[in-house]
Amino acid sequence: MADRVLVIGSGGREHALAWKLAQSPHVKQVFVAPGNAGTADNGKISNSAVLVSNHTIVTQFCKDHNIGLVLVGQEALLAAGIVDDLRAAGVRCFGPSAKAAQLESNTSFAKAFLDRHGIPTARWKAFTNPQEACSTDFPARVVRARGPAARKEVTIAASKEEACRAVQEIMQDRTFGEMVVIEELLQGEELSCLCFTDGVTVALMPPAQAHKRLLDGDQGPNTGGMGAYCPVPQV
């Protein structure tokens with residue numbers, strides 16, 4: 001393990017990564033860029049103001065500060081190819097390439113991948129025309145904006161009218177991309193099962209369940225995650 005590690009991101013996930021990395025006797029210092037209040041001047045951990053959207057600047061920061069390993073948590077940066085660029089410059093980096101990151105950042109790519117490989121998934125269709133999107137006949141719908149910055153732009157619609165309103169809002173606001181994916185709503189428990197792999201060996205993490213809705217009682221708009229717990233009693 002490297003003496004100095006850079007964690008890229010600003011959420012609770014990056015805070016947890018930095019906290020755990022700092023416990024290792026092999027790690028001398030952990031930078032978090034941009035970080036948050038919990039990662040500011042906390043023992044071995046400190047925030048960095050390095051401009052993470054500029055991959056050239058991040059690369060130079062790593063060389064100037066003798067960073068031995070970079071961990072990238074932020075989805076938009078993974079989709080933009082920061083791992084590819086850092087590795088090309090000789091910086092060791094943990095994270096998927098831009099091509100692999102599409103499974104997380106690009107809903108239509110991920111759904112087509114699942115269909116192509118026979119992996120069960122909810123029925124879905126992708127649309128660039130809002131009128132066509134409003135005509136889908138799934139009894140209950142999940143409306144997703146498609147694009148690297150839009151992974152968390154999800155609306156669970158109980159009616160065709162509600163789904164159509166979400167489509168209109170997304171398609172009018174081009175910051176979320178110019179495509180929507182509408183899925184059949186599946187009812188039941190949702191769990192995340194993540195693995196580490198080097199391309200040969202797979203190490204399974206215990207399943208976890210995230211709290212997605214904003215309010216108590218599974219109410220309110222969907223979010224990227226209000227927290228999570230592990231282990232879970234369902235499995």
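Me: What is the bridge partner of Val32 in strand 3?
Reply: In this predicted model, the partner of Val32 in strand 3 is Asn47.

Me: What makes strand 2 and strand 3 a pair?
Reply: Two strands pair if there are at least two bridges between them. Strand 2 (residues 29-34) and strand 3 have three bridges, in the parallel sense, so they count as paired.

Me: Why is strand 3 called an edge strand?
Reply: Strand 3 (45-47) pairs on one side only, and so does strand 5 (93-94). They belong to an open sheet of five parallel-paired strands in the order 3-2-1-4-5.

Me: Why is the pair of Phe31 and Phe61 called edge-to-face?
Reply: Rings pair if their centres lie within 6.5 Å, and planes over 60 degrees apart count as edge-to-face. The centres of Phe31 and Phe61 are 5.6 Å apart and the planes stand at 85 degrees, so the pair is edge-to-face. Phe31 is in strand 2 and Phe61 in helix 2 (residues 55-64), 30 residues apart. Both residues are buried.

Me: Why is the pair of Phe94 and Phe196 called tilted?
Reply: Planes under 30 degrees apart would be stacked and those over 60 edge-to-face, with the rest tilted. Phe94 and Phe196 have planes at 50 degrees and centres 5.9 Å apart, so the pair is tilted. Phe94 lies in strand 5 and Phe196 in strand 10 (residues 195-197), so the contact ties together parts 102 residues apart in sequence.

Me: Which residues form the nonpolar surface patch?
Reply: The patch consists of Phe94, Leu194, Phe196 and Met205, with about 380 Å² of accessible area together. Membership requires over 30% relative accessible area. Met205 has 32% and is partly exposed; this residue is in the loop between strand 11 (202-204) and strand 12 (209-210).

Me: What makes the contact of Arg13 and Glu75 a salt bridge?
Reply: The nitrogen has to be within 4 Å of a carboxyl oxygen. For Arg13 and Glu75 the closest N and O atoms are 3.1 Å apart, and the contact is a salt bridge. Arg13 belongs to helix 1 (residues 12-22) and Glu75 to helix 3 (residues 75-79), 62 residues apart.

Me: Why does Glu75 count as buried?
Reply: The limit is under 20%, and Glu75 has a relative accessibility of 12%, so it counts as buried. Arg13, at 41%, is partly exposed.

Me: Which salt bridge does Glu14 form?
Reply: Glu14 pairs with Arg13, with 2.9 Å between the closest N and O atoms. Glu14 has a relative accessible area of 3%, so it is buried.

Me: What makes the contact of Glu184 and Arg123 a salt bridge?
Reply: Their N to O distance is 3.2 Å, and the cut-off is 4 Å.

Me: Why is strand 9 described as largely enclosed?
Reply: Five of the six residues of strand 9 (residues 179-184) are buried, so the rest of the structure largely encloses it. Strand 9 is joined to strand 6 (residues 124-127) by four bridges, and the two run antiparallel.

Technical notes: Residues are numbered from 1 along each chain as its sequence is written. This is a predicted model: local features need pLDDT of at least 70, side-chain atom pairs count only at pLDDT 80 or more; totals for chains, interfaces and linings use all residues. Side-chain values use heavy atoms; hydrogens and water are left out. Patches are made of residues with over 30% relative accessible area and no salt bridge: like charges are joined within 9 Å, nonpolar side chains (Val, Leu, Ile, Met, Phe, Trp, Tyr) within 5 Å. Accessible areas come from the Shrake-Rupley method with a 1.4 Å probe; for residues, only the protein chains shown count as cover. A salt bridge is a side-chain nitrogen of Lys or Arg within 4 Å of a carboxyl oxygen of Asp or Glu. Buried means under 20% relative accessible area, exposed over 50%, partly exposed in between (1.4 Å probe, protein chains only). Rings of Phe, Tyr and Trp (its six-membered ring) pair if their centres lie within 6.5 Å; planes under 30 degrees apart count as stacked, over 60 as edge-to-face and the rest as tilted.
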